[in-house]
Amino acid sequence: MHRFFVPQLYNESMRIEGVDARHISKVLRMQPGDKLQIVSDDGVSAVAEIAAIDGDGVDVRCLEKLAESHEPRVRLILAQGLAKGEKMEFIIQKAVEMGAYSVVPVAMEHSVVRLDGAKAGKKVERWQKIAESAAKQSKRDIIPQVQPVQSLKEALANNPCTTKIIAYECEDRLNLKSALRAAEAAGGITDLLLIIGPEGGISEQELEVARSARAVPVSLGRRILRAETAGLVAISAIFYETGDLGD
C-alpha cells in the first residue's frame, strides 16, 4: 500500500496536494475507492480511502489509525563527510531506509567535493527529495531532514546528542560494540550522533574537534570501509545493538 505524507494535523477527512497528488492520479492512476496510507504532521499514520480526485488534489477519508510505529527507539543522526558523485545520494537514501532521523552533510578537510552558497543549497534540495522518496518506500513515520552543509564543529554544536560516536580508521582500542554497551550502561542511548568521514578519511584536527565535544572514536573492524559503506555498516550495528533489528 502506497504511503504519503500530509502536511497538516490528523483529521477524518484530509487532502493531498502538489507532487503527491499528481503522482496518485497521473502515475499510479488511482481512483476513488482505492486505499492508501497517510502520515500527518503530528505523526499519526492511518489507512485512508480516496474520496475524490480533482485538478488540484486528492481528498481522502481516513478509515483506521495505525498504532504500530516504524521508527527506531534511538534517534540517530548521521553526520556524513561529503562524498563525491552519486555516493552521497546513495548514502542518504539507504540511511533513511534504515531509520536515520536526520542526515548532516559535513564539509571536511579531506572531502574531495567542495560545496558552498547556491550550489550547496541546490544539492540539499535534491538530497531532501531523495530522503522523502526513501521515507515513503520504507514506510517511515517521518520524513528525515537533510540539514544544510556545515563544518564538523557546526554539526556537533547543532546536534547536541547524549551519545556521540566517530568512526576512525586508526582507532585500535575501542570497537563500536563496546562503545554502545558502555553508553547503555551509563544511562542508556536515546539519541546518537554518528560521524563518518569522506573518502579521504578524518584528519587528526577533526578528530580532536570531535573529542573535545565528547565524541568517542571507535573502530568498525579490521577492514577499511569505503565512505559509502562505513555509515551503513555502523547504522546497522547500532540499531541491532539497541534492539531495532532482529529483536
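Predicted model: local features only at pLDDT ≥ 70, side-chain atom pairs only at ≥ 80, totals over all residues.

Trainee: Which way do the side chains of strand 7 point?

Mentor: In a regular strand the side chains alternate between the two faces of the sheet. Helices (H or I, at least four residues) and strands (E, at least two) are DSSP runs, numbered from the N terminus. In strand 7, S102, V104 and V106 point one way, and V103 and P105 point the other way. Five of the five residues in strand 7 (residues 102-106) are buried; buried means under 20% relative accessible area, exposed over 50%, and partly exposed in between, with a 1.4 Å probe and protein chains only.

Trainee: In which sense do strand 6 and strand 7 pair?

Mentor: Two strands pair if DSSP finds at least two bridges between them. Strand 6 and strand 7 are parallel, with five bridges, and L78 stands opposite V103.

Trainee: Is Q80 buried or exposed?

Mentor: Q80, a residue of strand 6, has 0% relative accessibility and so counts as buried. Contact means heavy atoms within 4.5 Å. Not counting residues up to four places away in sequence, Q80 touches M88, I91, V104, P105, V106, I196, G197 and A227.

Trainee: Where do the buried residues of helix 2 fall?

Mentor: The buried residues of helix 2 are M88, E89, I91, I92, A95 and V96. Seen down the axis, they fall within an arc of 160 degrees, so they line one face of the helix; the arc is that of the directions from the helix axis to the C-beta atoms. Their cover includes strand 6, strand 7, helix 3, strand 8 and helix 7. Just after helix 2, G99 takes a positive phi of about 125 degrees.

Trainee: What are the buried residues of helix 6?

Mentor: In helix 6 (residues 204-212), E206, L207 and A210 are buried. Their arc around the axis is only 105 degrees, which puts them on the same side of helix 6. They pack against helix 4 (152-158), strand 9, strand 10 and strand 11 (216-218). The face turned away from the buried side carries the exposed residues E204, Q205 and S212.

Trainee: Which residues touch the most other members of the largest nonpolar core?

Mentor: A nonpolar core is a set of buried Ala, Val, Leu, Ile, Met, Phe, Trp, Tyr and Cys residues joined through side-chain atoms within 4.5 Å. In the largest one, with 41 residues, L76, L78, I92, W127, I165, L192 and L194 touch the most other members. Helix 3 gives the largest share of this core, seven residues. A second, separate core has 17 residues, including I77, M108, C161 and I202.

Technical notes:
Residues numbered from 1 in each chain as written. Heavy atoms only, no water.
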